[in-house]
Amino acid sequence: MDEDFNITYITLSGHVQVETYRCLYFIVIFILYVFIICSNSTIVYIIWIHQNLHQPMYIFIAALLINSVLLSTVIYPKLLIDFLSEKQIISYPACLLQYFMSYSLGGSEMLLLLAMAYDRYVSICKPLQYPTIMKKTVVCVFLALAWLLPACEFVATLTMSINRKLCSFTLENIFCNNSIYKLHCVSSKSISVYGVFLLLNIIYLPMFFILFTYAKIFQITFRQSKEVRNKAAETCLPHLLVLMNFSLLGTFDIIIVRLESNIPQIARVIMSLQLVLYHPLLNTIIYGLKMKEISKHLNKLFC
C-alpha cells in the first residue's frame, strides 16, 4: 500500500528465477510478441486488400486475428516491463483492468467462433439464402455483439470487485486472472454466482451451439457428393481446431485457479501463458496455411 497516493499494489509472485534469466525472458517474449503482431497483421492485411476475400467468413477470421493481437497486447507489454523491473508489482485498479480486458476479449473470441459457425452453417446448408441472410449489416451486428456483449457482462464483476477489502497482496501468477478473488478478505457469493452465469453464457452455451451447428453441417454434407464433403471439411475443420484449442486452454485457466496450491510454480506459469502464447500463434498457422485462399495469397506475397 502506497500511503502517499493511497494506491494498493499487488505483487506478482509467479515469476520463476526472473533475477537470473530476466534478459532471456525479455528477448523470448519480445520476439514472440512481435511475431504474433506481424503474422496476425499480415493475414488481416491480405484479407483487407483482396476483394475476393471480402466475404463474411474471412471478415470473421480477420476479426478473430485482431482479437488475438489485442489479447496479447493486454498481457505482453506488462510482462516485458516486469522482466526488467526489480519488483514485479501492479496497482490493484490496473490489475482489475487487465483481468477485465483479458476475459472480455476471451469471451469475444468465443462469440466470434460462434458467428463463424453460423456463417458456415448458412453457407453450406442454405446456399441459396446465404446472400440474403449474411448481409453486410448482419455481419456488422455480429461483430459489434461479439466485442460489446462480453465487455458489458464483465463490467459487472469489475464494479463488484473494485471496492472490496483486500487481506492478501500477493498474486501467485505472472499476470492478473480470476485468481484475484483470492485476495479478498471475504469471498463474495454474488461474484461466485455471477461467475458461473458468465461461464455458461460466454463459454458453454456458445460452445454447445457451435458443436451442434457443425454436427448439422457434417450430417447434411455426408449425404452429398465427395466434392461437397471436401469443401465442408476444408472450411470447417480449421474453425473446429481453433475452437478445441481455445476451449482446452480456457479450461486450463479455470482449473489452475482451483488447483493452484497443488501445481509446481513452473507448471503454473506455463499453463497461465498457454492462452496468450499458443493460441495467437496457432491461429496464424491454422488460418494462414489451412485456409486455401489465404494460403494462396500468402504464397504470392512472400514467394
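Tutor: The following dialogue sets values beside definitions. This is a predicted model, in which local features need pLDDT of at least 70 and side-chain atom pairs count only at pLDDT 80 or more, while totals for chains, interfaces and linings use all residues. Residues are numbered from 1 along each chain as its sequence is written, and side-chain values use heavy atoms, with hydrogens and water left out.

Student: What makes the meeting of Asp82 and Lys78 a salt bridge?

Tutor: A salt bridge requires a side-chain nitrogen of Lys or Arg within 4 Å of a carboxyl oxygen of Asp or Glu. For the side chains of Asp82 and Lys78 the N to O distance is 2.5 Å, so the pair qualifies.

Student: Why is Lys78 called buried?

Tutor: Buried means under 20% relative accessible area, exposed over 50%, and partly exposed in between (1.4 Å probe, protein chains only). Lys78 has 19% relative accessibility and therefore counts as buried. Asp82, with a relative accessible area of 1%, is also buried.

Student: How do you know that Asp119 and Arg120 form a salt bridge?

Tutor: Their side chains meet at 2.9 Å, N to O, and both Asp119 and Arg120 are buried. By this rule the count comes to 2 salt bridges.
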